Amino acid sequence: MRSKSPFLLIFFIFPTVLLHAQSDLQTLLKLKSSLIGPSGSGLDDWAASPSPSAHCSFSGVTCDGDARVMSLNVTGVPLLGALPPEIGMLDRLVNLTLAADNLTGPLPIEMSSLSSLKYVNLSWNSLNGTFPAEMVLSFAELEVFDVYNNNFTGNLPLEFVKLKNLRILALGGNYFSGDIPEVYSEFESLTHLKLQGNSLSGRIPAGLARIPNLQELYLGYFNAYEGGIPPEFGSISTLKLLDLASCNLTGEIPASLGNLKHLHTLFLQINHLTGPIPPKMSAMTSLMSLDLSINNLTGEIPESFAELKNLTLISLFQNKFEGPLPGFIGDLPNLEVLQIWNNNFTLGLPENLGRNGRLLLLDVAKNHLTGAIPKDLCRGGRLNKLILMENYFYGPLPQELGECKSLTKIRIRKNFFNGTIPAGFFRLPLLDMLELNDNYFTGELPEQISADKLGSLTLSNNWITGKVPPAIGDLTNLGILSLDMNKFSGEIPPEIFNLKNLSKVNFSGNGFTGEIPASVAGSSHLTFLDLSNNNLRGGIPVSISWLLTLNLLNLSRNQLEGPIPDEIGLMKSLTVLDLSYNDFSGRRPATGLLKDLDDRFFAGNPNLCSPHSSSFCQSDLSPSQTSHKQHSSSNMAAAAVASVTALLLLSAAWFLLRRRRLEKSRVWKLTAFQRLDFRAEEVVECLKEENIIGRGGAGVVYRGSMANGIDVAIKRLTGRANSCNDHGFMAEIQTLGGIRHRNIVRLLGYVSNKDSNLLLYEYMSHGSLGEMLHGSKGAHLQWESRHRIAVEAAKGLCYLHHDCSPSIIHRDVKSNNILLDSDYEAHVADFGLAKFFHDPGASECMSSIAGSYGYIAPEYAYTLRVDQKSDVYSFGVVLLELITGRKPVGEFGEGVDIVRWVFKTTGELSHPSDAAVVLAVVDSRLTGYPLTGVVNLFKIAMMCVEDESSARPTMRQVVHMLTNPPQPSPNLISL
């Protein structure tokens, strides 16, 4: 047979190649229209072109030699759209990476056509629906499949097991449920299996140990398994990382894990593990990171652990370990982090601790440790945090620590340290917290102070003497200054109140003399000022009334004199005021707070007259003064008439101008974040008095019934979106516009014109938790519903804190901001105060307090610093509301909130027990509740409202504790 001419082949093949390439171009343009949602952006260079290969230069696109798309990599772009069926037309695709693009919707079944796929990464999106397992069988060449942190539901797909080349399977961070399939033990090439952060249950299959090349296994976080760690895992000879954290494990740690010679990371924290650490684990000679924290482990650290020379991290905190710290811990050559707080360790720290020059973090708080502090803790100049609080350490601090320029936190309160505080502490360039209170330090503070980053200086309850150095006024970042219960003397340096970030000052219980500096108003963010129990003289400077955020003012037990300024009573932020035991005189003002304040806060001032007394007081005006006052009043009246006349003229002019502007500003525009089948005019027509369903500080909420039968909630805000006072409009748009979660209220879009903004939300028919719980229908919320609401709200907050990038801090968590849909499912709402945090481990200083009274964390109120733990405190208050049925404030007397009431009520019990404590505070409207469940929720609530933010759990830990309650005690019955 004659062969065909090569030129003839080219003639036929080349047009076909061009046709396919042109098809890929058109497909990408269709993809763009779907990938970019109504409020999304990106892919700007994806544009139509006559060139058949133009798409090969699109951002994120890589082509083969035939101009066919073989790789699509678009990561970290706010697309906010969905993956369309047209994706299946890119049949040469080898790499599909669309990670962190805020994509929503299900995976299209048309992806089954992508038979060449080897790498799929759709992680960090909001893709949802039941996972289309049937399409998996089409990916015969697949090596990597990563859909971490989406919203997929259903059971884990079995079909992945049939993919012979699959090396990495990452299904974590979704809502998969049910058991881990036994068939998963049949993977042939799998090296990484990541199932963490789902809702899996049942027992962990021991058969996973048969996966021949498994190197990394992640099964923890939110999953709630039955039973313990399969001993068979000790036979996975290739395993390098085992993460079983926070997944309800019980029983003891299998000694067989010691056979894992290549394991470098073992995470078993936040479980219910018991028993001792098996000494055979010392055979894991590759181990670098060991985290067994937050369990019920007992016994001592095995001496055989001296063989683990590669250890860099040891976290054993919140267990029941005991005995001395073995000396070999100081000899570990690579140790960087040692966290053993909240155990029962005794004796001293190893003398050689830190000599390896690598120590970064040492936290041994809340043990029974004693002795002196090793001087080489910072030999390598790397020590970042030194936390020794609540032990029995004694002696002076090593002077070498004062030269440790890497330190950011020193917390050694409640010990028996003595001697002079190392002067170098006050010159450390990175130090932001110095907490030395409740010790026996003596001597004076150094004159030279230059710790520029220092935000909190707490020296309370020591024996420090001398004057307070004016150089403290140079610490520009200082927010907390607590020098109370010492032996300071001299005058209060006025330079201190030049500090703009200062929020808490406590100088009580010293020997300060002189007057209160008039410069006090310079610290405009001050919320707490306690100068009580000193020898201060003079009057109260009127400038104190200029402190617009001051919550507490205590000037009691001094020698202050003169009249109390009327302006003090007009301070709207002031909630606690104590002026008792001074030499104030004259009639007590009856303005604002002063009018209703209890007499005990003015006791011990013999020359101070009651505002309600009819008897003569030294401050009463004489006749000449009265005449002068009447003359002044006449002048003021004349001036007032002139002012009113001018104001009326200005108002008339303003009204005419305003009327003209209004004509131009009444055009409404609808911006949708998803498909909405209604118009802006329909929304505006619902703004009627009879449709109002709520009022708040930022605006009014209406129920809107659209023509298509859909109900929406309409929040009307004042101010423009681009103004400096938009009442949270931009915060809501930026926060809710880009996130999707089942337990976070969905923002549908917004309607706006020049003067108003209307936010549109999915309608929640049962209103807010606060209204339901504290209203007439509160009895309808029985225990099962309350517990479910707690879990759902916690999951929403957990998503904001741990699954959003950057992390989101709500800042106004309260029962009125948790909305209930028709099924009473909870949705976190109202993001008008929300803040993005790019560093989840850091805190940020706000310009003023935001939030709701009764829910605000102590450190936020005093320092204006907010982080994730501020939300945790507020959520703890919500849990107490659910348990007690009481409002956070207003039911317990002046200055007492629900947290203090619970502490007081339970503290007065003569025979406290878990049951007695709960029965003392539980809502009387609850019936038939499981006492064990209420006790568990109460304990979680009390952990959340710890005064010390570092002692509070994370929201991830809260969700785990809520969804993995302890087994019911036979001693606790249902009531």
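**Entry 1: charges over rings**

I began with Arg 588, whose charged end sits over the ring of Phe 602, 4.0 Å from the ring centre. I also noted Arg 956, which lies over the face of Tyr 221 at 5.9 Å from the ring centre. My criterion for a charge over a ring was NZ of Lys or CZ of Arg within 6 Å of the ring centre and within 35 degrees of the ring normal.

The model is predicted: local features need pLDDT of at least 70, side-chain atom pairs count only at pLDDT 80 or more, and totals for chains, interfaces and linings use all residues. Residues are numbered from 1 along each chain as its sequence is written, and side-chain values use heavy atoms, with hydrogens and water left out.

**Entry 2: aromatic pairs**

I searched the whole structure and found 17 aromatic pairs. Rings of Phe, Tyr and Trp (its six-membered ring) pair if their centres lie within 6.5 Å; planes under 30 degrees apart count as stacked, over 60 as edge-to-face and the rest as tilted.

Phe 131 and Phe 145 form an edge-to-face pair, at 5.7 Å centre to centre and 90° between the planes. Phe 131 lies in the loop between strand 6 (126-130) and strand 7 (144-146), and Phe 145 in strand 7, so the pair ties together parts that are 14 residues apart in sequence. I took strands as DSSP runs of E of at least two residues and helices as runs of H or I of at least four, numbered from the N terminus.

Are Phe 131 and Phe 145 buried or exposed? Phe 131 counts as buried at 6% relative accessibility, and Phe 145 is buried at 0%. Buried means under 20% relative accessible area, exposed over 50%, and partly exposed in between (1.4 Å probe, protein chains only).

I then examined Tyr 392 and Phe 416, a stacked pair with 6.1 Å centre to centre and 15° between the planes. Tyr 392 lies in strand 27 (residues 392-395) and Phe 416 in strand 29 (residues 416-420), so this pair ties together parts that are 24 residues apart in sequence. Tyr 392 is partly exposed at 43% relative accessibility, as is Phe 416 at 37%.

I also recorded a cluster in which ring pairs link Phe 131, Phe 145, Phe 152, Phe 160 and Phe 176.

**Entry 3: helix packing**

Helix 8 (residues 783-803) and helix 10 (residues 868-884) pack at about 175°, with their axes 11 Å apart. The two helices are therefore roughly antiparallel. Angles under 35 degrees count as roughly parallel, over 145 as roughly antiparallel, 65 to 115 as roughly perpendicular and the rest as oblique. Among the residues that meet are Ala 790, Ala 793 and Leu 797 in helix 8, and Phe 875 and Leu 879 in helix 10; contact means heavy atoms within 4.5 Å.

Helix 12 (residues 914-921) and helix 13 (residues 931-944) pack at about 85°, with their axes 10 Å apart. That makes helix 12 roughly perpendicular to helix 13. The contacting residues include Val 917 and Val 918 in helix 12, and Val 934 and Phe 938 in helix 13.

**Entry 4: positive phi**

Where does Asn 102 lie? I located Asn 102 in the loop between strand 3 (95-97) and strand 4 (104-105). Its phi is near 60°, a positive value in a residue other than glycine. Asn 102 is partly exposed, at 25% relative accessibility.

Asn 342 likewise has a positive phi, near 60°. Asn 342 is found in the loop between strand 22 (337-339) and strand 23 (344-347), and is partly exposed at 33%.

Notes:
Axes fitted to C-alpha atoms, helices over the stretch in contact; angles between N-to-C directions.
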